[in-house]
Amino acid sequence: MRRSASKKTVQSNSTTASITFSATDLFRSASSKASSKEMERIDNLFYSYANRSSGIIDPEGIETLCSDMEVDHTDVRILMLAWKMRAEKQGYFTLEEWRRGLKSLRADTVSKLKKVLLELEKEVKRPTNFVDFYTYAFRYCLTEEKQKSIDIESICQLLDLVLGSHFRAQVDYFIEYLKIQSDYKVINMDQWMGFYRFCNEVLPVLHSITPNVLILLYLID
């Protein structure tokens, strides 16, 4: 009797395990199919904007995408989108970069992509992410091979775009100074990062000093 009961228990456990594995397999299969369909839609969306000759999304394609999302192509959120994709070349998105960004954002249509821009903006504003985004913004603007610095006019535009909403007064004073000074023709990465650290770390300590004096202190340093 004990052997019979033992056999029944083993059979019961085996059946339960079989059902569990079957359910798991079905879930994995369904999940895999859904993921495959999502990637297919992401790819189709890419090719609707990609240049047929080059097979990548070029500046014209990006402008069309921005128009469809009802977002200006100079909007900082487009730079944030490039950051999410880890796009290497300014004004161009490869299929691999596009897949990386849109899969992470879970966006496979223009309407979904438009909706997640707000969430992307919140993600970038997190302190740890913002430092990475701020660094990326500079590198993204290095359009020439072996280029290590950016001209003053472009830096002023980039500062206003990336940092203006965080430190409006300081950015305005710094841009004003950069435009009238004649000592600097370009800004390198160290100077770019130095200004952010100055605004983020020094300003809170010296909050009682006016912005123009603070900028002078930064330049002297």
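How much space lies in the largest pocket? In this predicted model, the largest pocket holds about 640 Å³ of space. Its lining is made up of 23 residues, and those closest to its centre are His73, Gln90, Tyr140, Cys141 and Leu161.

**The lining of the pocket**

Several elements take part in the lining of the largest pocket. At least two residues each come from α2 (59-69), α3 (76-85), β1 (149-151) and α7 (152-162). Of the elements, α7 supplies the largest share, 6 residues. Sorted by class, the lining has 12 nonpolar residues, 7 polar residues and 4 charged residues.

**How the helices pack**

Two packed helices are described by the angle between their axes and the distance between the axes.

| Helix pair | Angle between axes | Distance between axes |
|---|---|---|
| α3 and α5 | about 80 degrees | 10 Å |
| α6 and α9 | roughly 145 degrees | within 10 Å |
| α5 and α6 | roughly 95 degrees | within 5 Å |

The helix α3 also takes part in the pocket lining, and it packs against α5 (residues 110-125) at an angle of about 80 degrees. The two helices are therefore roughly perpendicular, since an angle of 65 to 115 degrees counts as such. On the α3 side, the contact involves Arg77, Met80, Leu81, Trp83 and Lys84. These residues meet Leu113, Leu117, Leu120, Glu121, Glu123 and Val124 of α5. By class, the residues of this contact are 7 nonpolar and 4 charged, with no polar ones.

The helix α5 also meets α6 (residues 127-140), and their axes cross at roughly 95 degrees. This pair is therefore roughly perpendicular as well. From α5, the contact uses Glu123, Val124 and Lys125, while α6 contributes Pro127, Asn129, Phe130 and Phe133. The residues of this contact comprise 4 nonpolar, 1 polar and 2 charged.

A further partner of α6 is α9 (residues 189-202), and the axes of these two helices cross at roughly 145 degrees. The crossing of α6 with α9 is right-handed. In α6, the residues in contact are Phe130, Val131, Tyr134, Thr135, Phe138 and Arg139. Their partners in α9 are Met189, Trp192, Met193, Phe195 and Tyr196. The contact of α6 with α9 has 9 nonpolar residues, 1 polar residue and 1 charged residue.

Terms used:
Residues are numbered from 1 along each chain as its sequence is written. This is a predicted model: local features need pLDDT of at least 70, side-chain atom pairs count only at pLDDT 80 or more; totals for chains, interfaces and linings use all residues. Side-chain values use heavy atoms; hydrogens and water are left out. On a 1 Å grid over the protein atoms alone, a cavity is a set of points where a 1.4 Å probe fits but cannot get out, and a pocket is an open set with protein on both sides within 12 Å along at least five of seven lines; lining residues have an atom within 4 Å of a point. Grid points are joined across faces, edges and corners, and a volume is the space filled by probe spheres set on the points. Helices (H or I, at least four residues) and strands (E, at least two) are DSSP runs, numbered from the N terminus. Ala, Val, Leu, Ile, Met, Phe, Trp, Tyr, Cys and Pro count as nonpolar, Asp, Glu, Lys and Arg as charged, and the others, Gly among them, as polar. Axes are lines fitted to C-alpha atoms, for helices over the stretch in contact, and angles run from 0 to 180 degrees between N-to-C directions. Angles under 35 degrees count as roughly parallel, over 145 as roughly antiparallel, 65 to 115 as roughly perpendicular and the rest as oblique. Contact means heavy atoms within 4.5 Å. A crossing is left-handed if the near helix is turned anticlockwise from the far one by less than a right angle, and right-handed if clockwise.
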